[in-house]
Amino acid sequence: MMDANQSSRIRKRLTRWALNVALFIAMAIICLPGLWIVLNSLRPTVEIMAKPPVWIPRELNFDAYVAMFSGVGAGGIPVLDYFRNSIIIATTSTVIALAVGMAGGYAFARYRFRGKSGWFIGLMLTRTVPGIALSLPLFFLYARLGIIDTHFGLILAYVAMNVPFTIWLIDGFFRQVPKDLSEAAQIDGCTRWQAFWRVEFPLARPGIASAGIFAFLTAWNEFALASQLTRSTNSKTLPVGLLDYTAEFTIDWRGMCALAVVMIVPALLLTYAVQKHLVSGLTSGAIKG
Amino acid sequence: MTYSAKLAALLGGSLLAGMAAAQDLPGSFDGVTVQAKLIGGQQYEALYARINEWQEATGATVEVISKKNHFELDREIKSDIATGQLGWCVGSNHSSFAPQYPGIYQDLRALLPEDALSGFVPATLDAATLDDRLVMLPRAQFDVSAVYYQKSLYEDEANKTAFEEEYGYPLAPPDTWDQLADQAKFFADPPDFYGTQYAGKEEAIAGRFYEILKANGGEFLNADGEPAFNSDAGVAALQWFVDLYAANAVPNGVPNYLWDDLGQGFASGTVAVNHDWPGWMGFFNDPESSKIAGNVGVAPPPKGSSGARSGWSGFHGFSVTEDCENPEAAASLVWFLTNEDSQKMESAAGPLPTRSAVWDHIIAEAEGDEYRSEALTAFQVAAEGAYPVPRSPSWIEMTNVVYPELQAAILGDKSAQEALDAAAEAATNVLMDAGEL
Amino acid sequence: MKPWRLPPHLLLLLPAVLILAAIVVIPLGLSLWSSFTPFRLTRPDTMYDFIGLRNYARLLGDAQFWSAFGRTVLLLTVALNLEMVLGLGLALLIERASRGQRILRTIMMFPMMFSPVLVGFQFKFMFNDNVGLVNNALQSLGLTDRAIPWLIDQNLAFISIMVAEIWSSTAVFAIFILAGLMAMPRDPLEAARVDGCTPWQTFRYVTWPFLMPFAFIAMTIRSLDVARAYDIIKIMTDGGPARRTEVLWTLISRTAYSDARMGMANAMAYIAILLSIAFTLIFFRQLSKARSQIAAEW
């Protein structure tokens with residue numbers, strides 16, 4: 001009896017140990033490419049390309065970052081402009097996509113109407129269109145409207161990209177908020193609008209947060225449309241800016257890594273801040289949808 | 001500026017007149033705005049900084065409405081053509097892409113006085129002339145390749161004896177493509193060290209194939225404009241790539257390499273010989289970026305079986321659109337960005353100029369710098385025999401069907417003849433679809 | 001104030017419908033038209049030559065197109081399934097960790113911060129045969145003395161692309177499944193334990209059915225968004241060498257811009273759209289099935 005207990009305890013400990021190792025390895029695989037980018041941004045090209053490889057860096061410096069901000073002629077790229085464009089475009093498009101998605105999601109969650117599931121699937125399917133089929137007609141349209149190379153144009157495109165998914169998540173959320181609550185509030189003298197703001201919206205907040213982070217990351221990282229619809233520092237975003245480090249014959253790998261770090265850090269901070277909402281948000285959104 | 005003015009003052013009248021004309025062109029364009037689409041990249045920024053000078057001299061304003069790398073810019077210009085958005089004035093252009101943009105750019109000979117063009121290397125202006133229209137002014141970004149090699153390998157006595165024993169001729173920097181292949185096989189020691197390397201995809205490999213084909217006496221398109229590269233000369237050219245790959249004398253990743261991989265690979269010190277572009281001249285000899293700095297030699301491009309040197313070349317330039325509202329102002333800007341001062345500045349960093357006077361200038365500058373002198377001499381030889389790609393609007397599209405077949409031969413999926421026959425058939429279809437045949 | 005005149009649901013849906021119509025549906029109409037023409041970017045007039053179904057007819061007999069099509073389906077099927085399995089594993093591991101949840105979850109989402117272009121550059125470089133991280137590591141550890149041609153060999157190139165794609169997208173599955181795990185009621189698990197189920201049985205008959213809708217929703221979202229993989233493949237191999245990794249997106253974009261044959265490219269794109277619609281509908285079906293099952297049990 002004693003023995004059995006002991007061996008099962010040992011087995012349990014072993015399993016736990018093995019699972020922790022597995023977790024560690026998984027985390028390492030996820031992190032390594034990122035760390036490698038950070039490392040490469042800090043060391044000279046000759047060491048990045050070295051053969052035999054240099055595993056322990058001999059020289060670390062911030063030259064690439066200094067160069068990036070040094071302005072034209074000194075290896076600089078207009079990184080501040082790109083950063084500003086990316087922030088404005090990603091944030092604004094996320095906010096609008098959330099507003100539009102909330103309206104749409106609320107409609108799907110709270111109203112019965114004919115062809116509802118058809119509408120729903122139809123909206124979702126707009127997302128399946130590959131960017132390449134859209135790029136030229138969109139360019140044509142934008143050129144006619146004069147919104148090529150503007151924040152507005154890119155924001156509009158990203159809103160369209162993110163709306164289907166936001167509707168989906170938020171719809172699931174509103175469904176989960178009991179209808180009675182809003183009805184009770186209306187009996188208490190609230191208008192429907194007030195009932196929405198004061199009762200339903202706060203309850204759905206985690207879902208909105210999770211839809212928001214997905215939308216933000218999509219807009220922050222999008223490349224294909226941005227490369228077609230932007231042209232100059234007026235609206236170029238960071239992913240498009242990455243290509244400033246490629247020329248006809250060369251790639252400045254270190255500079256590209258440094259810019260990558262600049263791109264990743266804000267996204268990482270934001271995710272860290274909202275990840276709690278994110279997980280709990282997806283939870284109910286997905287099931288009840 | 002003041003220096004050259006003083007110099008001019010010291011010199012005689014006729015030369016003074018010529019120089020004054022050269023300096024004077026910008027003209028006065030008060031209140032005019034010129035929209036420009038420029039190729040982006042750090043190395044070009046120094047030249048673009050000069051735009052300010054032109055603005056001050058002419059009173060015009062330049063609005064840079066797009067700055068992208070060449071492939072992105074190509075996409076954008078094609079989108080502009082498709083949607084009729086060609087109201088901008090100045091565009092970056094490249095000899096390989098230029099034939100694809102039919103009729104959107106003005107003839108600069110009509111816009112600029114004769115003597116404004118007299119300083120350019122005539123062959124380059126010819127290469128920039130399509131259908132009798134000078135569609136761009138070449139800047140000091142002229143590209144033709146030469147052979148870079150690690151000097152120490154060729155100076156090593158043990159290497160010399162071993163090589164001569166094996167191949168029956170003394171070891172020296174390669175003068176023919178066959179010698180380059182021999183030496184590459186001799187030096188290769190995979191996976192740590194390779195004899196040579198080549199770019200294995202897209203226009204890059206199609207272009208290299210094209211120049212070896214020409215050096216072997218073959219032609220890409222025959223007199224009737226039909227693909228003719230599946231000739232014996234073509235098979236021999238493709239076999240050169242195939243043999244090196246099969247012998248492991250090149251890294252086995254080359255079918256996915258482009259120019260940057262080649263440059264970085266040679267700079268990492270793991271490749272013996274590298275046929276590459278002038279833009280790398282400084283990079284390879286800079287200890288900051290290259291492990292073989294101080295150990296680099298440069299030789300002219302190799303000869304093929306016909307005795308001719310290969311000389312596939314391309315160059316960047318600036319063009320003026322047909323729809324431009326102020327073509328004179330635009331032409332003045334284009335000229336200014338390719339004038340002597342601009343070219344001196346650009347070529348200081350390595351790229352080759354397209355004006356004879358600037359060639360003299362950089363060769364004089366390089367005096368005392370052994371590496372630079374050697375390199376410039378090699379590139380001058382290369383530039384003398386340089387020729388552009390076939391001037392068909394379908395060139396890029398043809399390369400897109402040809403290169404997968406070249407790769408198939410290199411990887412052993414097909415024989416060289418089979419691959420070239422398939423490629424020629426596909427290229428014929430491309431030309432027929434485009435109405436060129 | 002009378003808030004709604006129109007039926008309210010229409011009013012609420014209006015912004016979404018308007019934006020999607022403007023940005024997706026109208027352009028899509030234009031590309032549909034151009035797929036019936038020999039439209040070349042560099043010859044705008046060709047947009048008005050109607051040639052009916054000729055582009056489509058040519059595609060039907062085009063072996064290169066269909067092999068790219070087949071490869072795309074294969075890539076999607078394998079990648080999405082592997083991502084789901086790995087995402088499930090990752091979520092299970094993270095869920096049972098007692099400490100550092102916040103950090104672990106953030107790390108888990110780390111790859112989502114990487115723009116697909118960047119993922120492409122990064123993995124292309126890591127899989128470089130000569131100076132790449134992977135070969136360097138293998139050679140330094142003495143595991144091989146060859147330079148493995150990761151991006152060249154038929155199978156290895158496919159695997160390399162898959163690794164990049166899986167690395168960048170597993171997080172999406174992991175998050176949804178993690179969300180599911182956290183929402184899971186504890187009672188059935190307890191009951192299963194009391195009944196003496198093995199951990200595997202508990203997982204198979206209690207946990208997994210509950211997680212299924214989460215997995216499918218992730219699957220649907222990913223299948224809506226698969227063209228993301230284009231950026232990665234474009235930079236890693238661009239379909240090469242010798243068309244060994246050619247997928248629909250690389251073929252379409254080369255035809256559209258490099259070759260400037262937009263009409264033909266749009267015909268290809270329409271066939272690709274049908275493919276993604278099929279994928280999405282399949283997952284929608286499974287999703288609603290799994291959902292109704294859960295709802296019944298809840």
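**Contacts between the chains**

Mentor: The contact takes 33 residues from chain B and 24 residues from chain A, where two residues are in contact if their C-beta atoms, placed from the backbone, lie within 7 Å. The model is predicted: local features need pLDDT of at least 70 and side-chain atom pairs count only at pLDDT 80 or more, while totals for chains, interfaces and linings use all residues. Residues are numbered from 1 along each chain as its sequence is written, and chains are lettered from A and ligands numbered from 1 in the order in which they are written.

Trainee: How many residues of chain C are in contact with chain A?
Mentor: There are 76 residues of chain C in contact with 71 residues of chain A. Helix α1 (residues 8-34) of chain C gives the most to the chain C side, with 15 residues. By class, that side of chain C has 58 nonpolar, 13 polar and five charged residues.

Trainee: Switching to chain B, what is the strand order in the open sheet of three strands?
Mentor: The order is β8-β7-β9 (chain B), with antiparallel pairing; two strands pair if DSSP finds at least two bridges between them. β8 (273-276) and β9 (296-299) of chain B stand at the edges with a single partner strand each, so one side of each has no neighbour in the sheet.

Trainee: How many bridges join β7 to β9 of chain B?
Mentor: Four bridges join strand β7 (residues 146-150) of chain B to β9(B). Val147(B) stands opposite Ala299(B) in β9(B).

Trainee: Which helix lies across β7 and β9 of chain B?
Mentor: Helix α18 (residues 370-384) of chain B does, running at about 25° to β9(B). Axes are lines fitted to C-alpha atoms, for helices over the stretch in contact, and angles run from 0 to 180 degrees between N-to-C directions.

Trainee: Now chain C: at what angle do α3 and α9 pack?
Mentor: Helix α3 (residues 63-96) of chain C and helix α9 (residues 199-224) of chain C pack at about 140°, with their axes 11 Å apart. The contact is made by Leu80(C), Met84(C) and Leu88(C) of α3(C) and Ala215(C), Met219(C), Arg222(C) and Ser223(C) of α9(C). By class, this contact of α3(C) with α9(C) has five nonpolar, one polar and one charged residues.

Trainee: What does UniProt place at residues 83-274 of chain A?
Mentor: The unreviewed UniProt entry places "domain: ABC transmembrane type-1" there; UniProt positions are given in the numbering used here, feature names are shortened, and annotations may be inferred rather than shown by experiment. In the model, residues 83-274 of chain A are 78% helix and 0% strand, with the end C-alpha atoms 21 Å apart.

Technical notes
Helix = DSSP H or I, 4+ residues; strand = E, 2+ residues; numbered from the N terminus. Nonpolar A, V, L, I, M, F, W, Y, C, P; charged D, E, K, R; others polar.
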